[in-house]
Amino acid sequence: MSEVEDLVNKFNILDGALKNVFSKVDPLLIVSLIFDRNANENHIYTLEVILKPGQDTKAIRQEVVDKTGMAPSFYLSGTKMVVSHTLNLEFLKWINDRLDIISIKGSKFSAAGSSDF
């Protein structure tokens with residue numbers, strides 16, 4: 001087996017593990033957080049969270065404020081939430097495991113804001 005084939009096989013194993021543990025999260029966000037963790041850094045991320053229709057956005061807003069200190073914005077009749085706050089893998093896992101969430105994307109927050117969506 002060549003080095004390239006070995007790398008691809010290892011990547012496929014990692015990809016499967018990422019999908020198993022973080023089933024609702026964009027893999028690029030997870031990889032970014034792994035790099036942050038390995039570098040012992042903590043960054044602010046802007047998250048775009050797609051919610052199941054019919055959620056209590058007032059209750060969700062209060063929970064987000066209580067946990068992060070940041071107030072989210074809601075769009076598309078309350079099915080899309082955007083919020084910026086510090087993030088790590090453990091907190092992302094907690095978000096991923098919520099039953100009211102369909103998908104999560106995110107990117108590091110910069111002075112110009114987040115533009116990776």
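This note goes through the predicted model from its overall make-up to single residues.

1. Basis. The model is predicted, so local features need pLDDT of at least 70 and side-chain atom pairs count only at pLDDT 80 or more, while totals for chains, interfaces and linings use all residues. Residues are numbered from 1 along each chain as its sequence is written, and side-chain values use heavy atoms, with hydrogens and water left out.

2. Make-up of the chain. The chain holds 4 helices and 4 strands, where helices (H or I, at least four residues) and strands (E, at least two) are DSSP runs numbered from the N terminus. Read from the N terminus, the elements follow the order α-α-β-α-β-β-α-β. The C-alpha trace spans about 55 × 30 × 25 Å along its principal axes.

3. Of the 117 residues in the chain, 33% are buried; buried means under 20% relative accessible area, exposed over 50%, and partly exposed in between, with a 1.4 Å probe and protein chains only. Contact means heavy atoms within 4.5 Å. Among contacts between residues at least 6 apart in sequence, 67% join residues at least 24 apart.

4. The sheet. The 4 strands of an open sheet stand in the order β2-β3-β1-β4, with antiparallel pairing. The edges are taken by β2 and β4 (101-108); each has a single partner strand, so one side of each is left without a neighbour in the sheet. On average, neighbouring strands are turned by 25° against each other, direction ignored. Axes here are lines fitted to C-alpha atoms, for helices over the stretch in contact, and angles run from 0 to 180 degrees between N-to-C directions. Two strands pair if DSSP finds at least two bridges between them; β1 and β4 pair in the antiparallel sense over 7 bridges. V49 has I104 in β4 as its bridge partner.

5. Helices on the sheet. Helix α3 (residues 57-68) lies across β1, β2 and β3 and runs at about 10° to β3. Helix α4 (residues 89-96) also packs on the sheet, touching β1, β3 and β4, and its direction makes about 155° with that of β4.

6. The cavity. How many cavities of 30 Å³ or more does a search of the whole structure find? The search finds 1, and the largest cavity has a volume of about 170 Å³. On a 1 Å grid over the protein atoms alone, a cavity is a set of points where a 1.4 Å probe fits but cannot get out, and lining residues have an atom within 4 Å of a point. Grid points are joined across faces, edges and corners, and the volume is the space filled by probe spheres set on the points. The lining has 17 residues, of which V64, M81, W94, I95 and R98 lie nearest the centre. At least two lining residues come from each of β1, α3, β3 and α4, and α3 gives the most, with 5 residues.

7. A buried glutamate. E48 is in strand β1 and is buried, with a relative accessible area of 11%. Its side chain makes a polar contact with the side chain of K80 (2.9 Å). A polar contact is a pair of N or O atoms within 3.5 Å; within protein, one must be able to donate a hydrogen and the other to accept it, and residues adjacent in sequence count only if both atoms are side-chain atoms.

8. Positive phi. N40 is not a glycine, yet has a positive phi of about 60°. N40 sits in the loop between α2 (27-38) and β1 (44-51) and is exposed, at 75% relative accessible area. S77, also other than glycine, has a positive phi near 55°. S77 lies in the loop between β2 (73-75) and β3 (80-86) and is exposed, at 79%.

Notes
On a 1 Å grid over the protein atoms alone, a cavity is a set of points where a 1.4 Å probe fits but cannot get out, and a pocket is an open set with protein on both sides within 12 Å along at least five of seven lines; lining residues have an atom within 4 Å of a point.
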